[in-house]
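Have the sequence and the 3D view ready.

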Amino acid sequence: MSEWSDVGAWADSAGDSLIRLAFVLTNDGEEARDVVQAVLLKMMRVPWESIENPLAYARRSITNEVASRGRRRVKLRSVTPKLIGGVEATIPDTADAVLDRQQLMQAMERLSVRQRTVLVLRYFEDLDDRATAEILGCSTATVRSVSARALTKLRKHMSTTERWPAK
Amino acid sequence: MRPLNEYDVRRGLQDIADQAPPYLGPPTPETVPPASTSRAGWLLAAAAVVAVLTIVPVVTALSESTDNAVSAEPSSGPSTEPSTEGSSNSATPSASTPSEVARTYTVDELLEVGDRLRPAALAADLPSPIHIVIREDLSGLTLKLLPDDIASWGGPARLVERYEQLVEGVPLDVVEGVPTSPRAKQN
């Protein structure tokens, strides 16, 4: 079992990135916090010395936790303008440089948990095929094929808008 | 218009992540939920039974011996809090407390610590003591654990350190014990 202080000290520096990963996978703030807390608890119950790479361990645990919660679909909320100080805030996206978040969220909603996880690990966590395969417990070929299918699905969905036409 | 590419996905996911709530800190031992409600319920019930079976007779015996010691021999008996029920002693802690004992507790205090110790140990994945015994001098608790549990934690000192974190520094010692009931053996 790990010392509380070991995991706590590590989580102080890694906590935000863990929450971000969980949030991208679940798109639910409370759910993301729950997932990360559950993962940290698991890490506290194994000897800290046995965790060779805490970040890799946490990533794997987070993806497993999200999958085990049986979320077949991402609980995506529609993006509504946030009210900051009573004034409707706008996000200054530059037209072609920044992907429209709302469209992407809706498209991600249509992916399976596995497809979504692959995209998140590859394009959000910036992991290569091998590291992604290790986390998911599959081959690199599977990662590539799942990723390709997921991107195709994303493009197909987003081509319904004029902004992101299918190739 | 260009098609969606990997860069767009990367940027889009980063944008989504920017909406994530802040990290609020790791779970603490006090907030650790039980692994399973039903399992925890059974374990707590078992722990409560064992605690009652082990602590109550000891406390009864200790109460009697303390009363006797205080009334018969105030200068050599263990010190007690002035408000302890049933003891009309006039001994002061400074006069009767042995120098090696930092402080003494009331029986109620130690009972309360014993009650808190088992669930806290379970929550922290520490082995649950077979018996919790109040020290004769009321300076703390003696925890009896299975020899295997003690060995797997690298000895009593390591366990004492962990348990004391759960009970806010109340002095403890760990000794080997033997289960006295089938339920305790299961623990």
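## What covers helix H6 of chain A

The buried residues of H6(A) have H3, H5 and H7 of chain A among what covers them, where covering rests on contact, meaning heavy atoms within 4.5 Å. Helices here (H or I, at least four residues) are DSSP runs, numbered from the N terminus. Buried means under 20% relative accessible area and exposed means over 50%, with partly exposed in between (1.4 Å probe, protein chains only).

This is a predicted model, so local features need pLDDT of at least 70 and side-chain atom pairs count only at pLDDT 80 or more, while totals for chains, interfaces and linings use all residues. Residues are numbered from 1 along each chain as its sequence is written, chains are lettered from A and ligands numbered from 1 in the order in which they are written, and side-chain values use heavy atoms, with hydrogens and water left out.

Which residues of H6(A) are buried? They are A:Asp129, A:Thr132, A:Ala133, A:Ile135 and A:Leu136. Looking down the axis of H6(A), the buried residues fall within an arc of 160 degrees, so they line one face of the helix; the arc is that of the directions from the helix axis to the C-beta atoms.

A:Arg130 sits in H6 too, which runs over residues 129–136. A:Arg130 is exposed, with a relative accessible area of 59%. Just after H6(A) comes A:Gly137, with a positive phi of about 70 degrees.

## The largest core

Now for the largest nonpolar core, which has 44 residues. A nonpolar core is a set of buried Ala, Val, Leu, Ile, Met, Phe, Trp, Tyr and Cys residues joined through side-chain atoms within 4.5 Å. A:Trp10 and B:Leu13 are among the residues that touch the most other members. Helices supplying at least two residues each include H1, H2 and H3 of chain A, and H1 of chain B. H1(A) gives the most, with eleven residues.

Leaving aside neighbours within four places in sequence, A:Trp10 is in contact with residues including A:Leu40, A:Met43 and A:Trp48.

Beyond four places in sequence, B:Leu117 is in contact with B:Pro129, B:Ile132, B:Leu143, B:Tyr163 and B:Val167.
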